[in-house]
Amino acid sequence: MKTPMTKEKMVQVLEEIAFLLEIKGENFFKVRAFQNAARILEGHPSDAGTLIETGELEKLKGIGKGTIAEIVHDLYEKGKSKGYEELRKGFPASLFELFKIPGFGAKRIKAVYEKLAVQSVEGLESAAQNGRLAKLEGFGEKLQDRILANIRQMKKSEGRFLIDVATNQAGKLLAYLKKQKGIERIEIAGSLRRCKEIVKDIDILVSAKNPQAIHEAFIQYPETASVIAHGETKSSIALKSGMNCDLRTVSLREFPCALYYFTGSKEHNVAVRTIAKKKGIKINEYGLFKGKRLIPCASEAEIFERVGLHYIPPEVRENTGEIEWAAENNFPDLIEEKNIRGVFHVHSTYSDGVASLEEMIRSAQEKGYEYVGISDHSQSAKYAGGLEEKRLYRQWKEIDQLQKRFKIRIFKGIESDILRDGSLDYPEPILSQFDFVIGSVHSRFNLPEAEMTERLCRAMENKYTTFLGHLTGRLLLSREGYALNMERVIQAAKQTGAAIELNAQPQRLELDWRFCQTAKREGVGISIHPDAHAVSHMNYVTYGIGIARKGWLEKENVTNTMNLNAMEKFLKKRK
DNA sequence: AGAGGTGCCTCTGAAGATACTCCTATCTT
């Protein structure tokens with residue numbers, strides 16, 4: 001039996017359909033209907049099978065009973081869709097890559113495809129290099145240069161993956177391997193275990209009774225695109241997604257030292273080995289030795305114990321001061337996900353979310369939170385359906401109604417655009433009615449550093465600004481953040497009492513962990529927010545926790561570890 | 001294409017800036 005198509009793949013197909021319709025110059029709303037459906041499906045907490053078998057699919061607003069539902073059914077039941085295949089005729093798969101180039105949309109893709117027979121990024125690059133692109137109607141020298149630069153930038157991201165992509169793929173591979181017989185211990189190691197925001201490959205460590213069979217099963221993994229190496233202790237594969245995975249097998253006895261070694265970072269390992277050496281201890285991936293004698297270690301914790309260090313959790317093993325700290329005996333008690341008592345920065349269908357207020361609130365309550373802060377976009381964010389006064393009142397009214405039915409405390413807030421001059425997006429009489437305000441920059445990204453810094457500082461000086469949202473506006477692997485004097489911004493937060501958001505969306509993950517320590521030292525509060533646009537995004541908090549731990553944050557440093565009572569006081573005090 | 005309300009039609013994510021080329025495509029979630 002064929003395994004049913006996964007939801008991720010379906011989402012991709014719907015996005016491709018939208019793309020093809022756009023290239024064909026179809027009705028804008030038709031295109032958007034497919035984009036919308038893709039977002040809805042992606043953000044829904046259930047998998048495709050459940051949605052189809054329960055009949056819930058057709059009830060989803062934006063999917064309906066017509067074409068889109070039919071395509072999803074076909075994809076699920078037959079693994080293919082006639083309509084989609086028809087549409088794809090004559091368009092090479094490599095054409096989809098072009099959409100990832102910033103500054104390259106449907107119109108321009110259509111133009112180069114039809115007039116220059118460009119079918120891929122490679123083709124576009126050579127057309128730009130030999131100047132053919134600039135000669136095309138509607139193009140020119142400058143655009144050609146910009147596109148070349150963007151292609152170069154994009155190529156830098158090749159082979160690098162966001163943490164959620166890596167986590168999901170690693171999870172599936174791990175589940176597959178765990179089904180094999182003879183597994184004793186299995187763990188993810190490497191940068192993924194250290195919770196790096198960008199991951200290059202997945203490292204898996206296994207001890208098993210029958211390592212050969214595990215290596216064999218590993219290279220047979222259905223998602224394997226090619227086998228790079230297949231040995232007795234190490235195998236490497238490239239997944240269809242382009243991601244590489246390494247599997248190493250060790251004995252059960254070696255497992256803790258191997259796990260420690262393969263978790264890294266290299267710099268951390270070198271530094272700890274140096275300390276160990278001074279005590280006459282040798283550590284390598286095979287074990288911990290005093291002279292020639294093997295000292296058995298049943299866990300990583302024992303390794304640290306042996307070298308006289310406090311246990312250092314994987315996330316902070318970057319040799320950025322954690323070892324000195326571990327030697328001093330006042331190692332921080334890093335925040336854990338269970339410490340989070342509520343979240344802010346939750347969107348709904350009032351602006352650009354795909355789930356209703358009720359669905360988002362329910363999901364927060366089901367996660368066991370004491371409070372949830374709703375913050376849709378403000379009126380200037382037209383592209384995202386930002387709320388002007390009238391719809392704001394309607395939302396407040398609905399929240400009041402919902403509050404009667406839900407136990408969780410609902411805070412009324414807004415993700416307010418920070419306008420060019422640093423002011424917020426509503427007049428004071430409206431601002432004063434919010435329980436909280438997240439100030440975020442969503443436009444005019446290319447101001448000079450001094451001006452942008454001033455803009456953010458001014459926003460924080462506004463007494464209604466509770467949190468400063470996604471600090472630099474970066475999108476990992478696709479867009480640099482805007483220029484900013486981080487030290488000054490953190491100082492301004494300290495002086496004004498505004499908290500800085502740690503946006504847990506995998507593409508953002510900022511405040512960057514490298515600056516969390518600075519904020520912590522200055523006593524600036526950090527608030528971990530999912531920036532959820534769908535129910536499934538509520539889980540982003542987990543990544544935020546990983547980054548917060550990586551930045552050495554403790555419970556006390558994180559604003560939304562406050563209980564409801566303390567949070568209510570905090571929000572009132574800010575005004 | 002889907003939703004909503006009516007029976008086949010209308011409306012839908014709504015603007016403003018930017019960077020380019022020459023009047024428009026793209027980006028902002």
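Ala-127 is buried, because 22 other C-beta atoms lie within 10 Å, where buried means 20 or more other C-beta atoms within 10 Å of a residue's own, the C-beta atoms being placed from the backbone. This model is predicted, so that local features need pLDDT of at least 70 and side-chain atom pairs count only at pLDDT 80 or more, while totals for chains, interfaces and linings use all residues. Residues are numbered from 1 along each chain as its sequence is written.

Ala-127 sits in helix α7 (residues 121-129), a helix being a DSSP run (H or I) of at least four residues and a strand a run (E) of at least two, numbered from the N terminus. Although Ala-127 and Leu-162 are 35 residues apart in sequence, their C-alpha atoms are 30 Å apart in space.

The table lists contacts, meaning pairs of residues whose C-beta atoms, placed from the backbone, lie within 7 Å.

| Residue | Contacts, leaving aside residues up to four places away in sequence |
|---|---|
| Ala-127 | Val-112, Leu-116, Val-118, Arg-132 and Leu-133 |
| Ala-548 | Ile-335, Leu-502, Cys-516, Ile-526, Ile-528, Leu-553 and Val-558 |

Ala-548 is also, with Phe-34 and Ile-526, among the residues with the most contacts inside the largest nonpolar core, which has 154 residues; such a core is a set of buried Ala, Val, Leu, Ile, Met, Phe, Trp, Tyr and Cys residues joined through C-beta atoms within 7 Å.

In helix α21 (residues 486-496), the residues Val-489, Ile-490, Ala-492 and Ala-493 are buried. They lie on the same side of α21, because they cover an arc of only 155 degrees around the axis, the arc being that of the directions from the helix axis to the C-beta atoms.

Terms used:
Chains lettered and ligands numbered in written order. Buried ≥ 20, exposed ≤ 12 C-beta atoms within 10 Å, placed from the backbone. Contact = placed C-beta atoms within 7 Å.
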